[in-house]
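Morning, everyone. I have one model to walk through, and I will keep it short.

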Amino acid sequence: MKHVEIFTDGACKGNPGPGGWGALLRMGHHEKELSGSDPATTNNRMELTGAIRSLQALAEPCRVTLHTDSKYVLDGITRWVHGWQKNGWRTAAKKPVLNAELWRELIDAVRPHRVEWVWVKGHDGHPENERVDALASAAADAARG
């Protein structure tokens, strides 16, 4: 099974506001950058979208190490989502889960792969995190028009 390293980030100019996401996919010496935007979104939605779109870009099942600076994405997919599913997509406080459609999309995107989730501290000089932050920020700027 091929091993792919993925680095993702999301950005928002205002929260909510115009947003963007960025991703770097690396397998051996091969790299691919991805990014996208939304004219009216939130930072958390862009963080989720970066993870979703990068996993969806993989053409076959892979072993993935996915790096994110988002505790929301990391804790959501590794801890909270199991309870949400059992509770009919309600939080422990019985409120609807925010961004439930994106969480469902992320679950589907993860399914074919063996994903290890790794948290990296954002804005701390991590080269790949800085690179995807720049992609996400540029995409958010473009969404502003």
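Ground rules. This is a predicted model, so local features need pLDDT of at least 70 and side-chain atom pairs count only at pLDDT 80 or more, while totals for chains, interfaces and linings use all residues. Residues are numbered from 1 along each chain as its sequence is written, and side-chain values use heavy atoms, with hydrogens and water left out.

Start with the elements. The protein chain has 4 helices and 5 strands. Both are DSSP runs, numbered from the N terminus: helices are H or I with at least four residues, strands are E with at least two. Reading from the N terminus, the order is β-β-β-α-β-α-α-β-α.

Now the overall dimensions. The C-alpha trace spans about 45 × 40 × 25 Å along its principal axes. A compact globule of 145 residues would have a radius of gyration near 15 Å, and the protein chain agrees, with 15 Å. That radius is taken over C-alpha atoms, and the globule rule is 2.2 Å times the number of residues to the power 0.38.

How much of the protein chain is buried? Buried residues make up 48% of the 145. The cut-offs are under 20% relative accessible area for buried, over 50% for exposed, and partly exposed in between, with a 1.4 Å probe and protein chains only. Contacts, meaning heavy atoms within 4.5 Å, are next. Of those with a separation of 6 or more, 66% join residues 24 or more positions apart.

On to the rings. Rings of Phe, Tyr and Trp (its six-membered ring) pair if their centres lie within 6.5 Å; planes under 30 degrees apart are stacked, over 60 edge-to-face, and the rest tilted. That rule gives 5 aromatic pairs. Take Tyr-72 and Trp-103: their ring centres are 5.2 Å apart and their planes meet at 65 degrees, so this pair is edge-to-face. Tyr-72 sits in helix H2 (residues 71-86) and Trp-103 in helix H3 (residues 100-110), so the pair ties together parts 31 residues apart in sequence. Both partners are buried: Tyr-72 has a relative accessible area of 17%, Trp-103 of 0%.

Next, Trp-84 and Trp-89. Their ring centres are 6.3 Å apart with planes at 40 degrees, so that pair is tilted. Both of these tryptophans are buried. Ring pairs join Tyr-72, Trp-80, Trp-84, Trp-89 and Trp-103 into a cluster.

One more ring. The charged end of Lys-71 sits over Trp-119, 4.4 Å from the ring centre. The test is NZ of Lys or CZ of Arg within 6 Å of the ring centre and within 35 degrees of the ring normal.

Now single residues. Ser-54 belongs to helix H1 (residues 43-56). Is Ser-54 buried or exposed? Buried, at 0% relative accessibility. Leaving out residues up to four places away in sequence, Ser-54 touches Ile-6, Thr-8, Ala-23, Leu-25, Leu-34 and Leu-66.

Last, the backbone. The peptide bond from Asn-15 to Pro-16 is cis, with omega near 15 degrees. Pro-16 lies in the loop between strand S1 (3-12) and strand S2 (17-27).

Then look at the loop between H2 and H3, where Lys-94 is found. Lys-94 is not a glycine, yet its phi is positive, about 70 degrees. Lys-94 is exposed, at 62% relative accessibility. Asn-99 also lies in the loop between H2 and H3. Its phi is positive too, about 65 degrees, and Asn-99 is not a glycine. Asn-99 is buried, with a relative accessible area of 14%.
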